Amino acid sequence: MAASGEKDPFIASLGRIYAGYTGGFVVFVILLAILEQMGVPDRIIGYLFVFLTIGVYAYIGIISRTAAVAEYYVAGRRVPALYNGMATGSDWMSAASFIGMAGSLYALGYGGLAFILGWTGGYMLVAILLAPYLRKFGQYTVPDFLGARFGGNMARSIGVIVLLTSSFVYVVAQIVGVGIITQRFLDVSFGVAVFVGLAGILVCSMLGGMRAVTWTQVAQYIILIIAYLIPAILMSAKITGVPIPQLMYGVALEKITVLEQGFRAAGMTPPPGVTGFHAAPFLGANGQFSGSAAFNFFALVFCLMVGTAALPHILMRYFTTPSVREARQSVAWSLFFIFLLYFTAPAYAAFGKLEIYQTVIGQPIANLPEWIKNWQLMSPYGVNWINIVDVNKDGIVQWGDFRIHPDVVVLATPEIAGMPYVIAGLVAAGGLAAALSTADGLLLALANALSHDVYYKMIDRNAPTAKRLVISRVLLVFVAVLAAWTAGNAGADILFLVAWAFSIAAAGLFAALVMGVWYKKTTDAAACWGMGVGYAFTFIYLLWTEFAGLDFVELFGSKDAIVNAAKQTVGLAKVDPELKAYAQKIVDNAASVKDGALSWFGSLFFTTDTVVLRGRTVARLWTLNNISGGIIGVPLSFLTIYVVSMFTRAPSEAMMNFIDDIRVPRGGVRLVDQKEAVE
Amino acid sequence: MPLVDNADDPKSATSAAIDAETGRAYWRKTSNLMWVVLAMWAFAGFGVHFFAGALNKIVVMGFPLGFYMAAQGSLIIFVVGLFWFAKRQNEIDEEFGVQED
């Protein structure tokens, strides 16, 4: 199979095809720039960007249609390492990376770098622990591996449940992202925008499955990286005179530090949610070193890294390379292509912040730059994108008066740097490419789990090929419509759930996958228990701290923490009257409140407290934000697998042979159970 | 190359790609490489950032070094480390003759 890839005329001409495509895109952007200069209205430019790029993706999707199972599930296993790297890059980088990341860095400064580190370092784990072995195993899905290694349907089902939970919340967030961009550039309602985006996603993936998604994702990567780098380069040239943003934003960091000092000296405070010390690590609210902040930083890095290495839509990309060797190289290429965007994001944040601190703060409100006025309009999150709140009513924009939604940092860069509208359209096309490509990968992972793992492997083993592909496509459309419906109805309220996907996938899948390859004595029962315990513990922990924070702190918190949580609950804007009355009673009887029954556990490290987030009183065990819930779930899952393995019957000789086979690149794989073979 | 050998068929069940002794030596070397890269990961992902506060006192081209490491330095280590890993593991494969045809 590997050998035939080299002679394949399509694979051989990939370089020419995508070079031509890139050139075509550049010409297209230049043409639109000329049209803009000739007076074509912005709205038309926006339409052309959105529809023409989606049109190209649809074209690739349609010419890549296939009726072969191996093409549909793993793109025929002939995607070269470099191209699989690009496809993984756009599969990985979502709307949150493209639009949101720079904004988080703007707000959090050093603290935001946890996302940069966490979303890149995980690929090291993928490369050394999992990708080559999953590729050698060589079937279609991650649950396939769990089923073959851990004795069938029980392990497979648990894997499918974890996959469905983590991927579904993730795909809903992508569709919200598509909706926001489409809404802004097509000027339609959010509900309509979601379904326009949905059509864009489906034409890419429905007919050609993995094959179509792969070649579309490569195309999307090229657009998103061009769209991300160009505004940053122009911004850097404008501010520093040198068009290399990644090297030059040091200058901006230096100036920001000086400006921050000046603001503090003038008695000003930063706006809520924005750090007052951009480059300084691990600070509490008072600007001093905080152990809890450091703990949260490292816990978040850990959860994002392990989550990366456990998300099935990423792992399944490495099933598509021609060989084990290329799977390894492909992980390195993936990280390289992701790196290109991630090491530019802090430059956006620094240049944006410098520009705002220099030209906006301290100016009269009546006298703001034009681009600020363009963004003083309603966002789908219920506040203005840029919101000037004149706290002391002096008509001057103070440091704390300037409230900016994180997404604006990237979206408004073209205007800040005084670039023509065509660049704004380019950024929109890039954001759309990022959101569509991730949504495609996730939908495919979801639909494949349902069609291949649930339907074919567990319900109808004798289904003919044609029927399996029909079922796959029907399920793909069904999941896509369900996700779009959820996005349209729950919308931006559920975006915070994305962060949970990492902890859930990490705690549910990572330990079982790694131990399955690296620890021969892992037994079937141990893996099932490990996945089940990790998943259930983490999911329950997240729900409990998020939606019943007061209840959580009553068990794990000290009496002060309980009273404080009750006060926060009483003060919430929207709260269930019953809960409010209950909290009021605690506040009234504060003197008689006792420490929670497990408060000794809650104060093992730091303390257990609550913060008001997203309109709820959210509990924090050991002051840990629940986004990092996996920090307990992952070790617990490993421990469970290790301990249960000691008390259950060791794997059979045939299983040992199977593990030996997946550890070595050469040769076939001797399956224990032939029912687990594909096709 | 067949994707899946038949375990019920005694011929293929005994025809592992390499003999057990070579397999063990290969896996020992592969595991060692895994631990080396895992140590790189732990250093670049976590270890170096424990000292972010102290490193920030060193400023290069405007970048406080602690900030730079988290924003770019560690990422460069990850990328270069992965290409090195892929190359090194290939060499090990070839040393034991277990590379794919």
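Chain A and chain B bury about 5400 Å² between them, and 71% of that area lies on carbon and sulfur atoms. Buried area is the accessible area (1.4 Å probe) that two parts lose on being put together, summed over both. The size of an interface is often given in this way, as the accessible area lost when the parts come together. The model is predicted: local features need pLDDT of at least 70, side-chain atom pairs count only at pLDDT 80 or more, and totals for chains, interfaces and linings use all residues. Residues are numbered from 1 along each chain as its sequence is written, chains are lettered from A and ligands numbered from 1 in the order in which they are written, and side-chain values use heavy atoms, with hydrogens and water left out.

Stay with the interface. Chain A gives 62 residues to the contact and chain B gives 60 residues; contact means heavy atoms within 4.5 Å. The rule finds two salt bridges across the interface of chain A and chain B. A salt bridge is a side-chain nitrogen of Lys or Arg within 4 Å of a carboxyl oxygen of Asp or Glu. One of the two joins B:Asp93 to A:Arg328, with the closest N and O atoms 3.1 Å apart. Between the chains, 10 residue pairs are in polar contact, both residues at pLDDT 80 or more. A polar contact is a pair of N or O atoms within 3.5 Å; within protein, one must be able to donate a hydrogen and the other to accept it, and residues adjacent in sequence count only if both atoms are side-chain atoms.

Which elements of chain A give two or more residues to the side that touches chain B? They are α8 (113-137), α13 (245-265), α14 (291-308), α16 (324-342), α23 (497-518), α30 (653-663) and β5 (669-670). Helices (H or I, at least four residues) and strands (E, at least two) are DSSP runs, numbered from the N terminus. The largest share, 12 residues, comes from α8(A). By class, this side of chain A has 41 nonpolar, 13 polar and eight charged residues. Here Ala, Val, Leu, Ile, Met, Phe, Trp, Tyr, Cys and Pro count as nonpolar, Asp, Glu, Lys and Arg as charged, and the others, Gly among them, as polar.

Now take chain A as a whole. Chain A has 30 helices and five strands. Its C-alpha atoms fill a box of roughly 75 × 75 × 40 Å, taken along the principal axes. With 679 residues, a compact globule would have a radius of gyration near 26 Å, and chain A agrees at 26 Å. That radius is taken over C-alpha atoms, and the globule rule is 2.2 Å times the number of residues to the power 0.38. Of the 679 residues, 61% count as buried. Buried means under 20% relative accessible area, exposed over 50%, and partly exposed in between (1.4 Å probe, protein chains only). Among contacts in chain A between residues at least 6 apart in sequence, 80% join residues at least 24 apart.

Helix α16 of chain A also holds A:Ser334. A:Ser334 counts as buried because its relative accessibility is 0%. Its side chain makes a polar contact with the side chain of A:Tyr318 at 2.8 Å. The side chain of A:Ser334 also reaches the backbone oxygen of A:Ser330 at 2.7 Å. Leaving out residues up to four places away in sequence, A:Ser334 touches A:Asn84, A:Gly85, A:Thr88, A:Tyr123 and A:Tyr318.

Next come the charges. Side chains of opposite charge can pair when their charged atoms come close. Over all chains, the structure holds 19 salt bridges. One of them pairs A:Glu355 with A:Lys238 (3.1 Å, N to O). This pair links distant parts of the chain: A:Glu355 is in helix α17 (residues 345-359), A:Lys238 in helix α12 (residues 209-240), 117 residues apart. A:Glu355 is buried at 10% relative accessible area, whereas A:Lys238 is partly exposed at 44%.

A:Arg78 and A:Glu71 form another salt bridge, the closest N and O atoms being 3.9 Å apart. A:Arg78 is buried at 18%, and A:Glu71 is buried at 14%. A network of salt bridges links A:Asp8, A:Glu71, A:Arg78 and A:Arg211.

Finally, the backbone. Most residues other than glycine have a negative phi. A:Ala75 has a positive phi, near 50 degrees. A:Ala75 sits in the loop between α5 (69-74) and α6 (81-92) of chain A and is buried at 3% relative accessibility. Phi of A:Phe606 is also positive, near 45 degrees. A:Phe606 lies in the loop between α28 (599-602) and β3 (609-613) and is partly exposed, with a relative accessible area of 40%.
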